[in-house]
Amino acid sequence: TFNCLNAASRGSVALKVEHSSDLGILDPWASALMPETSSTVSGVNFTITPGSPSNGVVATIPSSEAAVGKLFGRVNAVITP
C-alpha cells in the first residue's frame, strides 16, 4: 500500500512494483508497471483510488509467488525519456 502522484502530476516517471522470494539473489525481481486505473498487470492486482494530486495504491502480489513463505516487494521509480 502506498500513495503516489497521479499521472498528470508526476510527469515522465514510470512506477513499477517489483517482487522476489529471496531479494533477487536466486529469484530475480519480477516487475509490474503500475497502471493508471485498477487492473491486473503481470499477475499483480492493482487497486487505484484516484486523488488529486496523489492516488492511493494497493498492489496485491499472489502468495503463489512466495518461496518457503517469503515474499519481498518494492516500488521502483524510473524517469522515462
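**View 1. Proline 35 sits in the loop between E3 and E4.** Strand names like these come from DSSP runs numbered from the N terminus, with at least two residues (E) for a strand and at least four (H or I) for a helix. Keep in mind that this is a predicted model, where local features need pLDDT of at least 70 and side-chain atom pairs count only at pLDDT 80 or more, while totals for chains, interfaces and linings use all residues. Residues are numbered from 1 along each chain as its sequence is written, and side-chain values use heavy atoms, with hydrogens and water left out. Is proline 35 buried or exposed? Proline 35 counts as buried because its relative accessibility is 16%; buried means under 20% relative accessible area, exposed means over 50%, and partly exposed is in between (1.4 Å probe, protein chains only). Leaving aside neighbours within four places in sequence, proline 35 is in contact with Val41, Phe46 and Ile48, where contact means heavy atoms within 4.5 Å. Proline 35 and leucine 15 are 20 residues apart in sequence, and their C-alpha atoms are 8.6 Å apart in space.

**View 2. Helix H1 holds both alanine 8 and arginine 10.** Alanine 8 counts as exposed because its relative accessibility is 77%. Arginine 10 is buried, because its relative accessible area is 13%. Which residues does arginine 10 touch? Not counting residues up to four places away in sequence, they are Cys4, Leu5, Leu15, Met34 and Glu36. As for alanine 8, its C-alpha atom is 9.6 Å from that of serine 54, and these two are 46 residues apart along the chain.

**View 3. Four strands make an open sheet in the order E1-E6-E5-E4, with antiparallel pairing.** Two strands pair if DSSP finds at least two bridges between them. The edges are E1 and strand E4 (39–41), each pairing on one side only. On average, neighbouring strands here are turned by 35° against each other, direction ignored. Zoom in on E1 and strand E6 (residues 54–60) and you'll find four bridges in the antiparallel sense, with phenylalanine 2 standing opposite valine 57 in E6.

**View 4. An open sheet of three strands runs E3-E2-E7, again with antiparallel pairing.** Here the edge strands are E3 (30–33) and E7 (72–79), and each pairs on one side only. Strand E2 (residues 13–20) and E3 share four bridges in the antiparallel sense. Look for valine 17, whose bridge partner in E3 is alanine 32.

**View 5. Eleven residues form the largest nonpolar core.** Such a core is a set of buried Ala, Val, Leu, Ile, Met, Phe, Trp, Tyr and Cys residues joined through side-chain atoms within 4.5 Å. Its members include Phe2, Leu15, Met34 and Val57. Which element gives the largest share of this core? That's E5, with three residues. In soluble globular proteins, nonpolar side chains tend to be buried together. Valine 44, one of the core residues, touches His19, Ala32, Ser39, Ala59, Thr60 and Ile61, not counting residues up to four places away in sequence.

**View 6. Arginine 74 lies over the face of tryptophan 29.** The distance to the ring centre is 3.9 Å. A charge sits over a ring if NZ of Lys or CZ of Arg is within 6 Å of the ring centre and within 35 degrees of the ring normal.

Conventions: Axes fitted to C-alpha atoms, helices over the stretch in contact; angles between N-to-C directions.
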